[in-house]
Amino acid sequence: MWEHDFEVARLTDQECDVCARLRLTERGENPNLVAELSTGYVVLGDDQYIRGYTVLICKHHATELFDLEPDFRAKFLEEMVLTAQAVANVFQAEKMHYELLGIGRGVHMHWHLFPRHAGDTPQPGPVWLTPKSILHGPDAQVSDSQRQAWIQALREEIKRLQAERQVF
């Protein structure tokens with residue numbers, strides 16, 4: 001049986017943008033923090049063109065799911081599903097889109113979770129087909145009070161789902 005040597009690695013802020021964001025979150029300096037889970041941090045996306053766009057940042061710097069120790073990987077996937085369900089519930093998603101991307105200085109695993117609705121982008125398909133000027137433009141900005149209300153609603157729904165799943 002093949003075994004992978006698992007290391008809890010972190011890269012410098014200059015090497016990995018996601019590791020830099022992870023450290024910011026650990027220091028309590030990420031205003032978009034929703035919740036800390038055992039394998040990662042749930043944060044509301046900086047831009048909200050797709051209302052409810054949420055990211056789950058893995059606590060360990062790894063590029064691929066198969067780079068993670070099997071028990072940690074299973075828990076990471078379980079917590080991603082829990083987060084996605086919370087996002088879907090809070091934002092009444094018609095369909096969830098899940099993306100585990102990374103290239104350049106962002107190869108650190110992080111899930112992009114999008115609660116989708118018919119007609120929410122100028123053309124059907126992945127969110128990333130929408131021009132960056134729209135995804136990050138004025139329509140993607142929300143007030144601090146709205147952002148905090150969404151963060152609180154997601155936090156409460158995650159806690160509710162966690163409690164529900166522990167009742168077997």
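The model is predicted. The protein has 168 residues, and 43% of them are buried. It holds 4 helices and 5 strands. The strands form an open sheet with antiparallel pairing.

**Overall fold**

- From the N terminus, the elements follow the order α-β-β-β-α-β-β-α-α.
- Take the contacts with a separation of 6 or more: 60% of them join residues 24 or more positions apart.
- The accessible surface is about 9300 Å². Carbon and sulfur atoms account for 55% of that area.

**The sheet**

- Across the sheet, the strand order is S1-S2-S3-S5-S4.
- S1 and S4 (95-100) are the edge strands, and each pairs on one side only.
- From one strand to the next, the twist averages 20°.
- S1 and S2 run antiparallel and are joined by 3 bridges. They form a hairpin, with 3 residues between them.
- Ala 35 has Val 42 in S2 as its bridge partner.
- S4 and S5 also pair in the antiparallel sense, over 6 bridges. Met 96 has Pro 115 in S5 as its bridge partner.

**Helices against the sheet**

- H2 lies across S2, S3, S4 and S5. Its direction is at about 165° to S3.
- H4 (residues 144-165) packs on the sheet and touches S1, S2 and S3. The direction of H4 makes about 20° with that of S1.
- The buried residues of H1 are Val 18, Cys 19, Ala 20, Leu 22, Arg 23 and Thr 25.
- The cover over these buried H1 residues includes S1, S2, S3 and S5 (110-116).
- An α-helix has 3.6 residues a turn, so residues three or four places apart point the same way.

**Salt bridges**

- Side chains of opposite charge can pair when their charged atoms come close. Counting nitrogen-oxygen pairs within 4 Å, the total is 7 salt bridges.
- Arg 21 pairs with Asp 46, with the closest N and O atoms 3.0 Å apart. Arg 21 sits in helix H1 (residues 17-26), and Asp 46 sits in the loop between S2 (40-44) and S3 (54-58), so the bridge ties together parts 25 residues apart in sequence.
- Lys 59 and Glu 36 meet at 2.7 Å, N to O. This pair links distant parts of the chain, 23 residues apart. Lys 59 is in the loop between S3 and helix H2 (70-90), while Glu 36 is in strand S1 (residues 33-36).
- Why does Lys 59 count as buried? Its relative accessible area is 15%, and buried means under 20%.
- Glu 29 and Arg 27 form a salt bridge at 3.2 Å, N to O. Glu 29 is partly exposed at 43% relative accessibility. Arg 27 is exposed, because its relative accessible area is 52% and the cut-off is over 50%.
- Glu 157, Arg 160 and Glu 164 are linked in a network of salt bridges.

Terms used
Residues are numbered from 1 along each chain as its sequence is written. This is a predicted model: local features need pLDDT of at least 70, side-chain atom pairs count only at pLDDT 80 or more; totals for chains, interfaces and linings use all residues. Side-chain values use heavy atoms; hydrogens and water are left out. A salt bridge is a side-chain nitrogen of Lys or Arg within 4 Å of a carboxyl oxygen of Asp or Glu. Helices (H or I, at least four residues) and strands (E, at least two) are DSSP runs, numbered from the N terminus. Buried means under 20% relative accessible area, exposed over 50%, partly exposed in between (1.4 Å probe, protein chains only). Contact means heavy atoms within 4.5 Å. Accessible areas come from the Shrake-Rupley method with a 1.4 Å probe; for residues, only the protein chains shown count as cover. Two strands pair if DSSP finds at least two bridges between them. Axes are lines fitted to C-alpha atoms, for helices over the stretch in contact, and angles run from 0 to 180 degrees between N-to-C directions.
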